[in-house]
Amino acid sequence: MAGSLTAREPRACVPYKYGFFSFCCFFLSSSSSSPSLRSIKTTAVYQDVHVMIWIGFGFLMTFLKRYGQSAIGLTFLIAAVLVQVALICEAVLHFQRNNKAYLSSASLLSADVAVAAPLISMGALLGKTTYMQLVFMGIIELIVYTINKYIGERHLMAVDAGDSMYVHAFGAYFGLAVSFIFGMKEKPKEHRLEGSSYQSDIFAMIGTVFLWLFWPSFNGAALEGDDQQRAIINTLLSISGSCVIAFATSALISKDNKFNMVHVQNSTLAGGVAIGTAAGMMCEPIGALIVGSLAGLLSVLGYTYLTPFIQKRLRIHDTCGVHNLHGMPGVLAGIFGAIMAALATQNSYDYSLYEIFPARAPSFEKLSPEMRNDYGILPGRNRTAIEQASYQILALAVTLLMATVSGLITGLVMRTSVCGSIAEEEKFDDAVHWELEEEEEEDDSHKVSKIKERNNRVSDQLPMGNI
């Protein structure tokens, strides 16, 4: 490995030397010294995350053959509502002395990242709820998400660069907990519309490709300088590994060695989640590839064997399989992050160790004038590597506990008549939420129009005006 980076050396030898790529990174890091250029870079990353939320998540959930308009339309609506809620939740934590919380491109970016958590939970419930239920769930989830992230970052001082624990794991297990409550009322069963078509699978692949392309920006959004460059490199390697292994495993366990579209749409992205917590650390290229490949393998096996098991035994119906794309890879990310924290030494990172792990910086009494004045290092808690790793695991455990408990409580409230409900025969059908154009459907002997009948159904859901 090349020499480690320090605060005194703002060069871009991110300790991977890749010739021309390193030169490009050097140019970017040198340019980032200007505040205006840093603002431009933040805005560019914000746009990448923006695309992921509205296009990536939206189109990824269009795989259901009769629920495409709802998948992308409700994602559009829910995300637009919740991004405002996320800004308010974050503002509560950042009030200034004049009782104002100031907005910036960084706060907008943080709000977009926060919205990803309820959209992940939405994937577990897709096709089984009203839009008012989703709005209510999203508001409650963002409040709990903000509290959990505050505890993890401020009190436990756990590092989660790509928010794999705070966003992906939290969103997945929150949604699964809500789905569990729904399953207690009525055991999940196969539905005639719960499936994909040739066209819907192609639309879902649009979301997959956008997410795959922009995931490095998501994981590196909150980082700066060398840490951000490491995050981009590690994420690219990890998500590439999960893509290749997902294709290989899908062909291996499928009939006639053919690819399964569900695996390709989802498991290829698992590496982006799995590397998130340790994205800004020195994972080495081989480390990023291994964790990404393992995530792709776990995700495909989860879709094939685990999802049917939890639906049958635990009555948890996971429409989009968020447990396999976000849940298990999110837990893997937390564990891998703890391992990397335990292996982090000052010999490897030099003083940049205290920028990545602020809690490992010496306390005020032990902080030397050189570290304070020359490197700008703030007093920390003087943690050892093992102590930091322990707090990483504790943050993961707290996240899973808060997601599960709050999800169960939210599910109980959602089952009441406050937000309406969807009848069994109306699940996974766009006609519940949309006025559909008339279309002719071929029936063995004659053509019949079915859209008017769907549009005239009366569903037990509250109107949008009640928001």
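## Fold overview

Among contacts in the protein (heavy atoms within 4.5 Å) between residues at least 6 apart in sequence, 77% join residues at least 24 apart. This is a predicted model, in which local features need pLDDT of at least 70, side-chain atom pairs count only at pLDDT 80 or more, and totals for chains, interfaces and linings use all residues. Residues are numbered from 1 along each chain as its sequence is written, and side-chain values use heavy atoms, with hydrogens and water left out.

You will find 17 helices and 2 strands here; these are DSSP runs numbered from the N terminus, with helices being H or I of at least four residues and strands E of at least two. Of the 467 residues, 54% are buried, meaning under 20% relative accessible area, while exposed means over 50% and partly exposed lies in between (1.4 Å probe, protein chains only).

The predictor's confidence in each residue, pLDDT, runs from 0 to 100. Its mean for the protein is 86, and 84% of the residues reach 70 or more. Helix α10 (residues 270-274) has the highest confidence, at 98, whereas helix α1 (residues 20-31) has the lowest, at a mean of 40.

Two stretches call for care. Residues 1-33 stay under 50 in pLDDT, and the model has 67 contacts beyond four places in sequence for them. Residues 444-448 also stay under 50, with 8 such contacts.

## The surface

The protein's accessible surface comes to about 21000 Å², and carbon and sulfur atoms account for 63% of that. Such areas come from the Shrake-Rupley method with a 1.4 Å probe; for residues, only the protein chains shown count as cover.

Y150 sits in helix α5 (residues 131-155) and counts as partly exposed because its relative accessibility is 30%.

## A look at T277

T277 is placed in the loop between α10 and α11 (284-313). With a relative accessible area of 1%, T277 is buried. Its side chain makes a polar contact with the side chain of D160, at 2.8 Å. A polar contact is a pair of N or O atoms within 3.5 Å; within protein, one must be able to donate a hydrogen and the other to accept it, and residues adjacent in sequence count only if both atoms are side-chain atoms.

Leaving out residues up to four places away in sequence, T277 touches V159, D160, A161, G162, S164, M165, A333, G334, G337 and Q392.
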